[in-house]
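Biologist: Could you take me through this model, one region at a time?

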Amino acid sequence: MIKAERGCPSGVATRLTRRQVLAAGGGAASMMLLPAGLRAATASARAVDVVMTQGVSGLIVQEVARAQGFFEQLGVQPNVLLVSDGSKCVAALVSGAAKICAWSGFNQLTPAIERGAKIKILAGALSLADLAMYSGHPEIKRVADLEGKAIGIGAPGSVLHQMTVLLLKKKGVNVDRVMFRNVGSNADVMKAVIARTVDAGLSDVDVFDQQQKFGFHALPDGLLWKEIPEYTNQGTYAADDAIRDDRDTLVRVLAAYARAYRFISGPSSRPAFLQARQKVTGIADPTQAITAWNWIQQNQPYAVNLVLSEAQIDLVQKFNVDFKVQRSVVPIAAIADMSLARDAVKLLS
């Protein structure tokens, strides 16, 4: 149960239970507690409720941090709540079901702050998008060929939708002549591409080396980490109340994740990464894990120093304004507080 009232994005005070947060997320299947084995075990650590989306890359970071003892070293015990998308992360923070969102796209966060949600962006997480545009149709060779086609996305307005539109516009595609179909997560998009229920869609880089096996191909000008590297994929954020009341704990959580980002970004992390991915996914074949790990080493996508620049945050806001989900760019002081990230980096040093 939620112990205190929180200001909802519309500014109306509402007392939410965990059940209501679930309902806001579209059903009980959209949110679940991680198994006890994925939580830090030390009894003396400070417990902190962490919400995150269900993406495999984030869950791997979480498992690596746990297995390497990074949470224990920093004296925190994350109790993790999984949700299906960024809007549900915002709902969990607003309701008090979680103190901090470990990583999620924040394009849906700034409109909520504009409407009155008391939340701040604290740090970066995954700076580059580990996504490529795939198609199962041989005649679709480049992004320009997608005009008039059906493209799989997540929920309208989601990061997946926004990045798809940004890529199409960059390649001169008239988005009014594209049919967008909400098929779910990145993994669901890949299933739809394989089944050819959509003509193309963005999905994870971990299948990049198995294109022939699955009968699809990546469009050479559809690699997001190359085409829109300026777009920050995921960040970390928390409610203002938690920043005020639990600052030191949040700093320690950020430091633990920064340590994980740095570890995974280095060449010695390969065995730990592969083991963590197998535990998270249940897939014994290491092919996709090796592809993902190699991509990380080549592209260094993690925010190892945590701090996001004002330009990075404002770019997402400007795209939101273009998408008409946000009225105007909100002053940076109202939406971000990088002082905790800087303190976390100092703690590690």
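**Helix 12 and its surroundings**

Modeller: Gly282, with a positive phi near 75°, follows helix 12. Helices (H or I, at least four residues) and strands (E, at least two) are DSSP runs numbered from the N terminus. This is a predicted model, in which local features need pLDDT of at least 70 and side-chain atom pairs count only at pLDDT 80 or more, while totals for chains, interfaces and linings use all residues. Residues are numbered from 1 along each chain as its sequence is written, and side-chain values use heavy atoms, with hydrogens and water left out.

Biologist: How far does helix 12 reach from its first C-alpha to its last?

Modeller: Helix 12 (residues 270-281) has twelve residues and reaches 16 Å, close to the 16 Å expected at 1.5 Å a residue. The expected span is 1.5 Å times one less than the number of residues.

Biologist: Which residues of helix 12 are buried, and what do they pack against?

Modeller: The buried ones are Ala272, Phe273, Leu274, Ala276 and Arg277. Buried means under 20% relative accessible area, exposed over 50%, and partly exposed in between (1.4 Å probe, protein chains only). They pack against helix 2 (56-67), helix 11 (247-264) and helix 13 (287-299); contact means heavy atoms within 4.5 Å.

Biologist: Now the sheet. In what order do the five strands come?

Modeller: The order is 10-9-11-8-12, in an open sheet with mixed pairing. Two strands pair if DSSP finds at least two bridges between them. Strand 10 (179-182) and strand 12 (217-223) are at the edges with a single partner strand each, so one side of each has no neighbour in the sheet.

Biologist: How do strand 8 and strand 11 run?

Modeller: Strand 8 (residues 131-135) and strand 11 run antiparallel, joined by five bridges. Ala132 has Ser203 in strand 11 as its bridge partner. Helix 7 packs on the sheet, touching strand 8, strand 9 and strand 11, and its direction makes about 135° with that of strand 11. Axes are lines fitted to C-alpha atoms, for helices over the stretch in contact, and angles run from 0 to 180 degrees between N-to-C directions.

Biologist: Where does Thr197 lie?

Modeller: Thr197 is in the loop between helix 7 (186-195) and strand 11 (200-204). Thr197 is partly exposed, with a relative accessible area of 45%.

Biologist: And Thr232, buried or exposed?

Modeller: Thr232 is buried, at a relative accessible area of 3%. Beyond its neighbours within four places in sequence, Thr232 contacts Phe106, Leu126, Ser127, Leu308, Gln312 and Val316.
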